[in-house]
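Below is a short briefing for a reader new to this structure. The sequence and model come before the notes.

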Amino acid sequence: DPLPLVVGQQQGQGPPPLPPTQLVRNKKAHSRHCSGPSQPQGSRNLRASDLIAELLNAAEKSAEVARAIRREETLFQLLIEEKTGDDKGKRFGFDFKTLADVLIQEMIRHDLEKKFSGMGKRVTGEENNKFTNIVGESVTVEIKDNKKKTMSTLMKILSGNDRAAGVLSELVHQDVTVPRPAELQKFESIQLDKKTIGVWVDPIDGTAEYITGNRDPEFRPGENISQNGLPNVTVLIGVYEKATGLPIIGVINQPFFQTTDGKAWTGRMVWGACIGDVRATCLPMARSEPLLAEGDKHAVLTSMSDCKKLGTYLCENFEVLTAPGAGYKLLCVIDRLCSAYVLSKDNTYRWDTCAPHAILRAMGGGVVKHKQTLSADFKAKRDQSVRELQITYHKAEPKAAGSNAWCNMQGVIAYCDEEVLMKLAESLTRK
Ligand SMILES: O=P(O)(O)O[C@H]1[C@H](O)[C@@H](O)[C@H](OP(=O)(O)O)[C@@H](OP(=O)(O)O)[C@H]1O
Ligand SMILES: [Mg+2]
Ligand SMILES: [Mg+2]
């Protein structure tokens, strides 16, 4: 049975912000919060609850690295050099923001491998970890067994910038443990065979916003949707099952959720899992108020670059809003700050949608291919269409190479409530 849906709110009355993630930083790698006997290293199966707990740790650590890069002067200077344009690409031969992205992705891979041997190779992400440094040497960015070794790899690509390499390797080797959520109990008895799952990572979604600077978050009057800057940045980690391609676990961290002075930021974590018929999210379920007051239109988020086109179809029945960051827009659907995210274009990738998709499935919603909702059959065969048009994560797009192979070519519609999806499909096909 579907879980009770979280029923949203009118615009301007978003859910109360969740408290910033409580953290426990351990000197020792083992967490006191892990319950139950741990499974032997190398075992083929892993407990779903342990995997979710580890993904939460990985997402929080990623968020901490993302915050630290902006906080630590040595690193921040390298990051903002990109903005000026003059030195871009000259100092190292690549963008420093790309290194930040790659480092976080490789850290997630390393930490998952350490906890569940054999998992590291199942992690795929947006970034390629091969760099060529300024002297033409090819360097693979990997997290090594200890700080010293990692630092020496980083020094090779940071042209001997010891200070930056030292700070970064310190950051990626720290232990971060998030208290284990009580809801994980539901997944204690579910075993996952490592060979049957894959992981999509977008280490930093909204990279443009990440390097934009310390602008104050900007919200339109009466809205809770951030219009630019650091709140639009997210870390996305999603797990899918290889047999069906469906996403089963999603973790989103918003590293820059709140600030009091524009400098010190706290983040928040949102997660959800939908494995077989066991579902849970960290969000408060079953709100009882109606989705909309009479006469109000459902708010729909889209990309700035798609707004004009979609607006012509949707504005009669929906309020069409924009915000940067694909992960952030999907998070707004999950938070019920809007009713859906619609994109007719091919500029999101599997790593952008996998984690939010898993959370939406746990809430009774989903992410479907936009183009296929325009077919006449979509409405006629509603149940079948909604099931079959879910984006899947296991197969590359035919005849596409490189990152295009993992592009959501048909566009996307992300929704919590299927009725909203049907209404959107109707408006999108209206001439
Ligand atoms: O920052 P990366 O990980 O490369 O992911 C991008 C997504 O793939 C794009 O779809 C986003 O574009 P929109 O902001 O137009 O949705 C884009 O948003 P942005 O251009 O506002 O940064 C990013 O979310
Ligand atoms: Mg992205
Ligand atoms: Mg990214």
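Glutamate 126 is partly exposed, with a relative accessible area of 32%; the classes are buried under 20%, exposed over 50% and partly exposed in between, using a 1.4 Å probe and protein chains only. This is a predicted model, in which local features need pLDDT of at least 70, side-chain atom pairs count only at pLDDT 80 or more, and totals for chains, interfaces and linings use all residues. Residues are numbered from 1 along each chain as its sequence is written, chains are lettered from A and ligands numbered from 1 in the order in which they are written, and side-chain values use heavy atoms, with hydrogens and water left out.

**Magnesium site**

- Glu126 (OE), Asp202 (OD) and Ile204 (O) coordinate the magnesium ion (ligand 3) at 2.1 to 2.2 Å; donors are N, O and S atoms within 2.8 Å of the metal (3.2 Å for Na, K and Ca), and sites may look incomplete because water is not among the atoms.
- Along the chain, the donors of this magnesium ion (ligand 3) have the spacing E-x75-D-x1-I.
- Glutamate 126 lies in the loop between strand 2 (123-125) and strand 3 (130-132) and isoleucine 204 in strand 6 (residues 197-205), so the pair ties together parts 78 residues apart in sequence.
- Isoleucine 204 is buried, at 2% relative accessibility.
- Aspartate 202 coordinates both the magnesium ion (ligand 3) and the magnesium ion (ligand 2), which are 3.7 Å apart.

**Histidine 110**

- Histidine 110 is in helix 3 (residues 96-115); helices (H or I, at least four residues) and strands (E, at least two) are DSSP runs numbered from the N terminus.
- Histidine 110 is buried, with a relative accessible area of 19%.
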